[in-house]
Amino acid sequence: MATEKRITDTQEHTMAKIAFIGLGVMGYPMAGHLANAGHQVAVWNRTLTKAAKWVNEYQGIACETIAGAVNNADFVVTCVGADKDLTELFEGPEGILENAAPGAILIDHTTASASIAERLARAADQRGQAFIDAPVSGGQQGAENGALTIMCGGSEAAFNRAAPVLAPYTRAINLMGPAGSGQKTKMVNQIAIAGLIQGLSEALNFAELAELDVTKVVEVISQGAAQSWQMDNRSHTMIAGKFDYGFAVDWMRKDLGICLQEASRINAPLPVTALVDQFYGDVQAMGGSRWDTSSLIQRLRRAQE
């Protein structure tokens with residue numbers, strides 16, 4: 001789980017009151033990093049037992065309502081599943097927008113559509129708040145190790161206030177443009193990953209059918225132009241047929257659906273992405289909904305049976 005980080009004298013003045021909403025496999029360790037860095041963290045989760053567990057592990061408070069978590073916060077951080085979750089959390093009389101204080105910075109780590117980010121940013125601005133769409137890359141391992149890459153959309157002033165606060169779980173953080181730009185950048189990320197994993201799956205399956213020493217093949221080609229993070233971190237588990245190492249197929253299909261919808265809106269052709277999305281549908285039909293995304297190779301193997 002999260003490791004404790006030393007608080008330096010230069011960090012003391014940045015300590016903040018933070019409400020963290022959503023304690024899933026990503027949010028749980030991310031909120032822990034903030035608490036370990038010395039911030040005052042209040043957490044809320046739909047499942048109250050998860051919030052109680054977090055409080056037993058980290059220093060902070062668990063709140064029974066969203067209003068109780070956010071009404072005194074300098075920063076409100078959300079990390080949930082999809083657009084519909086954000087609508088439920090942010091909008092309505094019991095939601096974040098109505099209960100967060102004027103001047104609060106609202107930071108959303110959910111991978112969602114650009115349109116909802118733009119809508120929430122407008123609503124926050126009307127209340128004197130600021131909204132940053134801040135999807136992350138790095139998966140559960142990156143969240144636990146405090147090594148996430150964050151791509152942000154929002155104002156420069158809000159970003160400059162937020163970036164130091166997010167540092168405890170950040171390897172790299174960049175402002176990509178106005179509201180929605182973070183989500184669009186995450187779409188680019190998922191488009192690139194989808195094609196790469198399919199290519200790696202085809203390569204490894206080809207090596208197996210060619211009766212090569214697949215591990216030795218990876219050792220050789222990873223020293224050249226074929227090298228990638230996926231090859232370095234997933235090839236050996238793919239060869240072993242183990243697929244419980246991160247981002248699930250269900251979540252990848254959700255993300256690719258967002259990519260394809262945005263691509264249709266802006267007339268961007270995504271032929272490979274659309275095909276890989278169908279392939280992930282095949283993996284789901286095989287019972288692999290909760291397998292990690294590298295499980296595309298199992299679809300190829302199954303075709304050989």
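Tutor: Helices here are DSSP runs of H or I, at least four residues, numbered from the N terminus. The model is predicted, so local features need pLDDT of at least 70, side-chain atom pairs count only at pLDDT 80 or more, and totals for chains, interfaces and linings use all residues. Residues are numbered from 1 along each chain as its sequence is written, and side-chain values use heavy atoms, without hydrogens or water.

Now the geometry. Helix 10 spans residues 181-209, and its axis comes within 11 Å of that of helix 12, crossing at roughly 45° (axes are lines fitted to C-alpha atoms over the stretch in contact; angles run from 0 to 180 degrees between N-to-C directions). That makes helix 10 oblique to helix 12 (under 35 degrees is roughly parallel, over 145 roughly antiparallel, 65 to 115 roughly perpendicular, the rest oblique).

Who touches whom? Helix 10 brings I193, L196, I197, L200, S201, L204 and E208. Helix 12 answers with Q230, M231, S235, M238 and I239. Contact means heavy atoms within 4.5 Å. By class, this contact has 8 nonpolar, 3 polar and 1 charged residues (Ala, Val, Leu, Ile, Met, Phe, Trp, Tyr, Cys and Pro are nonpolar; Asp, Glu, Lys and Arg charged; the others, Gly among them, polar).

Helix 12 also packs on helix 11. Helix 11 covers residues 214-221 and helix 12 covers residues 229-240. Their axes come within 10 Å and cross at roughly 170°. The two are therefore roughly antiparallel. Helix 11 contributes V214, T215, V218 and I221; helix 12 contributes M231, S235, H236 and I239. That contact holds 5 nonpolar, 3 polar and no charged residues. Look at M231, S235 and I239.

For comparison, take another pair. Helix 5 (residues 83-90) and helix 7 (residues 114-126) pack at about 15°, with axes 10 Å apart. That makes helix 5 roughly parallel to helix 7. Their crossing is left-handed. D83, L86, T87 and F90 of helix 5 meet I116, R119 and L120 of helix 7. This contact has 4 nonpolar, 1 polar and 2 charged residues.

Notes: A crossing is left-handed if the near helix is turned anticlockwise from the far one by less than a right angle, and right-handed if clockwise.
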